[in-house]
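This report looks at local features of one protein model. The sequence and structure come first.

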Amino acid sequence: MNATQLALLLAVLAPWLALTALALPALRRRATILLPLAALPALLLALAGPDPDAGIVLPGLLDQARLALDGTARTFLLPGALLWVLAGAYAHRHPLTHPLRFAVFWLLTLAGYLLLVLAADLLTFYAGFALMTFAAYGLVTHTGGVTALRAGRLYLGLMLIGEVALFTAVAWTTMLAGPGNSPDLVGLGAGMEPAAALLFAIGFGLKLGAPGLHAWLPRAHAVAPVPASAVLSGVMIKVGALGAWRLLEGGLEIPGHGDLILTALGLTGTFYAVAAGLRQSEPKTILAWSSVSQMGLVVALLGMAAAGTSPAAVWAGLAVMLAHHGLAKGALFLGTGLLATAADRCTRRALLFGLALAGSALAAAPLSGGALAKAALTTGMPGWLAGVTGTATALLMLHFLRHTASHTPDPEPERSTRGNDRHRGMMGCMVLWWATLAAGLVLPWWVADASLREYVLTTSAIGNGLWPLLLAGVLAGGAWWLRSLWPGIGVAAARPPAPGRSAPRPLPGMGRLAHWWTLTERQLHRWPVIGRVATTMILLLALALAFSSIP
């Protein structure tokens, strides 16, 4: 076994070794100290570079599980492992309700993530996917409150639908490959049955939070502890994109106009999520809707790849989006948590400045990682449309900054720390937050190819990045002025009327439209709806399998 193979094996086993170490009483009392260490071997492996020829086989496990680090896996692993390390170190210094419980579910979730990213065969990929999905339930419901448990039920219900679809697709594909075989991920999509591809799309789309399958995401991310929200939004939802890209690069052909439908669905979800986020006032919920919007762009990128746009150009855009969105969104969640407990005015100003930097990167500000991703987007869509998506994201980020500065979420229960211990913990979290923010600003430039780096430095690219931000500023200013005249436009409470004056009338029709919109969105969160969808899907799958067995 060479050094690369040893590093590959250590990266996958590190979370399990950390879980074993929790049996020691001394470590059990300081369980969170193991969180950044468990992801460190994976980060070092990703930094070493891809080596697909150095794969390993684990005989007797999942019918000889195969692991490898090719270029696709490294693109997902590098920003993912970096955020797992930084967020894990943040969690060690951040007050948690149940540190030991949090550490156990964190390590199980990390173990599943690393297994699926480094998997070279389908069964290993699915085992890691399922482990990460169900272990993350413990992160969502960590606090044990009523809101967290309700969000956990919604998350678990929708993930069960996704797992039913994914398990059926995996079983179908594996049976076609012959008994005793686990298909390689390379070339998996070639010649795949359309029904199996649809099942994979449902499973991956639910994890990705694709439009129409997004109901769990705003609720779950809003109630999870801050470090968990950072990895949920910055890392874990993107494994759906990993699975979809494995199929597309493996030769999957989407019949009919499915590619155009996919692109249109992604763009629709991008703008819908921004509109929904603008009706929220809790900062973490706004960030969750922002993730739904950004994943809409990922779906659009996948649709562009299926439509025949240069795979190399789409992959370049997807790689930059993974790096910049994951770390920028991680910095936004971690900074929101810090702002909830920061009392010093200077510290709060520094946090707001950093949050503004991360938000502007998501909105594709000039010279940012978002500008690199936007440059890649323009290879498959008109430049004005890419600019409009930047304007929409900038509007949502301005809305987030406004509510973050004036309203902060309730801090999580603190551990018994006093005086200097609390100060050192806060300073340590600040250092880790700045490191996450800096990584989000620098890493996209490292992973982007030379042509994208050269383009975003041109005058035209800088101008194309500025006008969406200026337009968002004008629109936000106009919206705040209109809200003072017609309180029915937004969710914020209207200011009380001056003495002797009547309250302003709501804008005609806006209140009713917002009411129906809210009711429609809530229906996606109701348990009976989830149950009916699951029952319908199981019946359809049973019929499909029955007809497929008829000669």
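Buried means under 20% relative accessible area, exposed over 50%, and partly exposed in between, with a 1.4 Å probe and protein chains only. The model is predicted: local features need pLDDT of at least 70, side-chain atom pairs count only at pLDDT 80 or more, and totals for chains, interfaces and linings use all residues. Residues are numbered from 1 along each chain as its sequence is written, and side-chain values use heavy atoms, without hydrogens and water.

Helices are DSSP runs (H or I, at least four residues), numbered from the N terminus.

Most residues other than glycine have a negative phi.

How many of the eleven residues of α11 are buried? Ten are, so the helix is largely enclosed by the rest of the structure. Among them are Leu242, Trp245, Arg246 and Leu248. Gly251 follows α11 and has a positive phi, near 105°.

Two packed helices are described by the angle between their axes and the distance between the axes. Here, axes are lines fitted to C-alpha atoms, for helices over the stretch in contact, and angles run from 0 to 180 degrees between N-to-C directions. The axes of α8 (residues 194-208) and α11 (residues 239-249) come within 7 Å and cross at roughly 150°. That makes α8 roughly antiparallel to α11, a term for angles over 145 degrees. Contact means heavy atoms within 4.5 Å. From α8, Phe200, Phe204, Lys207 and Leu208 make the contact. From α11, the contact residues are Val239, Gly240, Ala241, Gly243, Ala244 and Leu247.

**A nonpolar surface patch**

Leu37, Leu40, Leu44, Leu47, Trp446 and Val447 form a nonpolar patch on the surface, with about 560 Å² of accessible area together. The elements giving two or more residues to this patch are α3 (34-48) and α18 (419-447). Helix α3 supplies the largest share, four residues. Leu44 lies in α3 and is exposed, at 51% relative accessible area.

Patch residues have over 30% relative accessible area and no salt bridge, and nonpolar side chains (Val, Leu, Ile, Met, Phe, Trp, Tyr) are joined within 5 Å. A salt bridge is a side-chain nitrogen of Lys or Arg within 4 Å of a carboxyl oxygen of Asp or Glu. Areas come from the Shrake-Rupley method with a 1.4 Å probe.

Definitions and conventions: Patches are made of residues with over 30% relative accessible area and no salt bridge: like charges are joined within 9 Å, nonpolar side chains (Val, Leu, Ile, Met, Phe, Trp, Tyr) within 5 Å. Angles under 35 degrees count as roughly parallel, over 145 as roughly antiparallel, 65 to 115 as roughly perpendicular and the rest as oblique.
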